[in-house]
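Work through the exercises below with the sequence and the model open. Each task is followed by a solution in steps.

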Amino acid sequence: MFIEPYQTYQDLFPFYLNEHSQPLIRAFHYVGTTIALVCIASFVVTFNAWFLLVGLIAAYAMAWISHFTIEHNTPATFTYPIWSYVADHHMLALALTGRLRPALEDAQKRFS
């Protein structure tokens, strides 16, 4: 089935959440995103660019491995690289603030 490309982040985010429906894939993303944030902070402190490379590799490795082995779907990064990056942080922020469950439920309703 062909799906029209998303034109706005607001339209993409429910799709993104639906593609991360299982708790284990979200856990992989949280770990990868956290490693990336720590690496970015380390770069800011040390100006060692290797931290940026390690953060990038760690974040994408965790995400891609989880998509291919847990959800068995294609990472949104392949089609929407910037919005996917933003959505990773958005999903983590919702989880940390206790607001993820309603957003997941809304996304599931939209795609069921």
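**Exercise 1. Find what covers the buried residues of α1, then list those residues.**

Solution. The cover of the buried residues of α1 includes α2, α4 and α5; contact means heavy atoms within 4.5 Å. Helices are DSSP runs (H or I, at least four residues), numbered from the N terminus. The model is predicted: local features need pLDDT of at least 70, side-chain atom pairs count only at pLDDT 80 or more, and totals for chains, interfaces and linings use all residues. Residues are numbered from 1 along each chain as its sequence is written, and side-chain values use heavy atoms, with hydrogens and water left out.

Next, count: seven of the 10 residues of α1 are buried, where buried means under 20% relative accessible area (1.4 Å probe, protein chains only). They are Tyr9, Leu12, Phe13, Pro14, Phe15, Tyr16 and Leu17.

**Exercise 2. Which residues touch the most other members of the largest nonpolar core?**

Solution. A nonpolar core is a set of buried Ala, Val, Leu, Ile, Met, Phe, Trp, Tyr and Cys residues joined through side-chain atoms within 4.5 Å. The largest has 18 residues, and Leu12, Phe13, Tyr16, Leu17, Met91 and Leu100 touch the most other members. At least two residues each come from α1, α4 (81-96) and α5 (100-111). The greatest contribution, six residues, is that of α1. Leaving aside residues up to four places away in sequence, Leu12 touches Tyr6, Tyr80 and Trp83.

**Exercise 3. Classify the ring pair of Phe13 and Tyr16.**

Solution. Rings of Phe, Tyr and Trp (its six-membered ring) pair if their centres lie within 6.5 Å; planes under 30 degrees apart count as stacked, over 60 as edge-to-face and the rest as tilted. The count by this rule is 10 aromatic pairs. For Phe13 and Tyr16 the centres are 6.0 Å apart and the planes are at 15°, so the pair is stacked. Both residues lie in α1 (residues 9-18), three residues apart, about one turn of the helix. Elsewhere, ring pairs link Tyr6, Phe15, Tyr80, Trp83 and Phe111 into a cluster.

**Exercise 4. How do α2 and α3 run relative to each other: roughly parallel or roughly antiparallel?**

Solution. Helix α2 (residues 23-46) and helix α3 (residues 50-71) pack at about 175°, with axes 7 Å apart. Axes are lines fitted to C-alpha atoms over the stretch in contact, and angles run from 0 to 180 degrees between N-to-C directions. Angles under 35 degrees count as roughly parallel, over 145 as roughly antiparallel, 65 to 115 as roughly perpendicular and the rest as oblique. The two helices, α2 and α3, are therefore roughly antiparallel.

Methods:
Buried < 20%, exposed > 50% of the residue type's maximum accessible area, 1.4 Å probe, protein only.
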